[in-house]
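Start with the sequence and the coordinates, then read the points below.

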Amino acid sequence: MYTKIFRAVIIGAPGSGKGTISTLICKNHGCVHISTGDILRQNIMKNTDLGKKAKQYIAEGQLVPDSIVTKTTLARITEVGNRSYILDGFPRNIAQAEALAAREQIDAVITLDIPHDVIIDRVRNRWIHAPSGRVYNIGFQDPKVPGRDDVTGEPLTQREDDKPEVVAKRLQLYDELMNPVIDWYEKKGLVATFKGKQTKEIWPRMELYLNDRINA
Ligand code: G5P
Ligand code: MG
């Protein structure tokens, strides 16, 4: 468990492993994983007002408008209260980064640098349990029973925005919008970048970094 409250942002291209690594961090260090993509997908499943507004943007690989996402994410952070968290998928542009900075003191920004060709292969093999956000990958993180979630036994699905043409759009949007966000955090001295092709190769380095950071 973290010895002090640790508030981190994780940044990486679509399919870079933000969700996978955040789950590992939270399992090993007892923090809360806040994924804006998971929150939005859960709202789409439940057909809430938020889900109805977000659905089309996500299907097309566009960003959901800031006004909606920022409000929802800050509300979730309020619910998490005085606990450590990893913010996955937010901020997505400078306006969101500024809105977050106005509210929260972020301790670290972790960026994942994974080659795009590796990402495209991964996304093709990704299956999710949409209600919980649990993620699987054929050949890397297989479900115990093919096509079924390990915990609930419910069927797995593929994401609407994992179609190849939408993934290409998401990758392009990522480079355009997130390089300025990373630079913005660089200037604040918060960024640690992890480069590699596989999560298992990145994870030991991430653990060293987190341990240093937390015990500093
Ligand atoms: P999301 O949900 O935030 P993305 O595009 O940022 O979506 P995504 O696709 O969820 O990111 P990830 O979390 O980085 O990817 O990656 P992951 O799921 O952990 O890993 C990808 C796959 O690779 C998985 O199947 C995993 O098992 C596998 N994998 C991991 N490591 C390895 C490995 O070492 N080897 C192999 N073989 N496989 C591995 O956002 C979705 C949409 O929501 C909206 C936008 O429309 C966005 O496009 N949205 C927002 N809009 C506005 N503002 C915001 N802040 C928004 N946040 C979300
Ligand atoms: Mg994710």
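Contact means heavy atoms within 4.5 Å. With that cut-off, Arg 170 touches Pro 14, Gly 61, Arg 126, Arg 159, Asp 161 and Asp 162, not counting residues up to four places away in sequence. This is a predicted model, in which local features need pLDDT of at least 70 and side-chain atom pairs count only at pLDDT 80 or more, while totals for chains, interfaces and linings use all residues. Residues are numbered from 1 along each chain as its sequence is written, chains are lettered from A and ligands numbered from 1 in the order in which they are written, and side-chain values use heavy atoms, with hydrogens and water left out.

**Ligand 1: the shell**

**Ligand 1: polar contacts and cover**

- A polar contact with the ligand is a pair of N or O atoms within 3.5 Å.
- One ligand oxygen lies 2.8 Å from a polar backbone atom of Gly 15.
- A ligand nitrogen sits 3.0 Å from a polar backbone atom of Val 64.
- The side chain of Asn 137 places an N or O atom 2.8 Å from an oxygen of ligand 1.
- On its own, ligand 1 has 1,100 Å² of accessible area, and the protein covers 94% of it. The areas come from the Shrake-Rupley method with a 1.4 Å probe.
- Helices (H or I, at least four residues) and strands (E, at least two) are DSSP runs, numbered from the N terminus.

**Nonpolar core**

- A nonpolar core is a set of buried Ala, Val, Leu, Ile, Met, Phe, Trp, Tyr and Cys residues joined through side-chain atoms within 4.5 Å. Buried means under 20% relative accessible area, exposed over 50%, partly exposed in between (1.4 Å probe, protein chains only).
- The largest core has 55 residues, and those with the most contacts inside it are Ile 11, Ile 25, Leu 100, Tyr 185 and Met 206.
- Helix α7 (residues 164-186) gives this core its largest share, eight residues.
- Beyond four places in sequence, Met 206 touches Ile 21, Ile 25, Ile 110, Leu 112 and Phe 194.

**Helix α7**

- Arg 170 is found in helix α7. Arg 170 counts as buried because its relative accessibility is 12%.
- Val 167 counts as buried because its relative accessibility is 4%.
- Leaving aside neighbours within four places in sequence, Val 167 is in contact with Val 123, Asp 161 and Asp 162.

**Loops**

- A cis peptide bond joins Phe 90 and Pro 91, with omega about 0°. Pro 91 is in the loop between β3 (85-88) and α5 (94-103).
- Asn 47 is in the loop between α2 and α3 (49-59). Phi of Asn 47 is near 55°, a positive value in a residue other than glycine.
- Lys 197 is in the loop between β7 (191-195) and α8 (199-215). Lys 197 counts as exposed because its relative accessibility is 52%.
- Not counting residues up to four places away in sequence, Lys 197 touches Pro 115, Val 118 and Arg 122.

Technical notes. A polar contact is a pair of N or O atoms within 3.5 Å; within protein, one must be able to donate a hydrogen and the other to accept it, and residues adjacent in sequence count only if both atoms are side-chain atoms.
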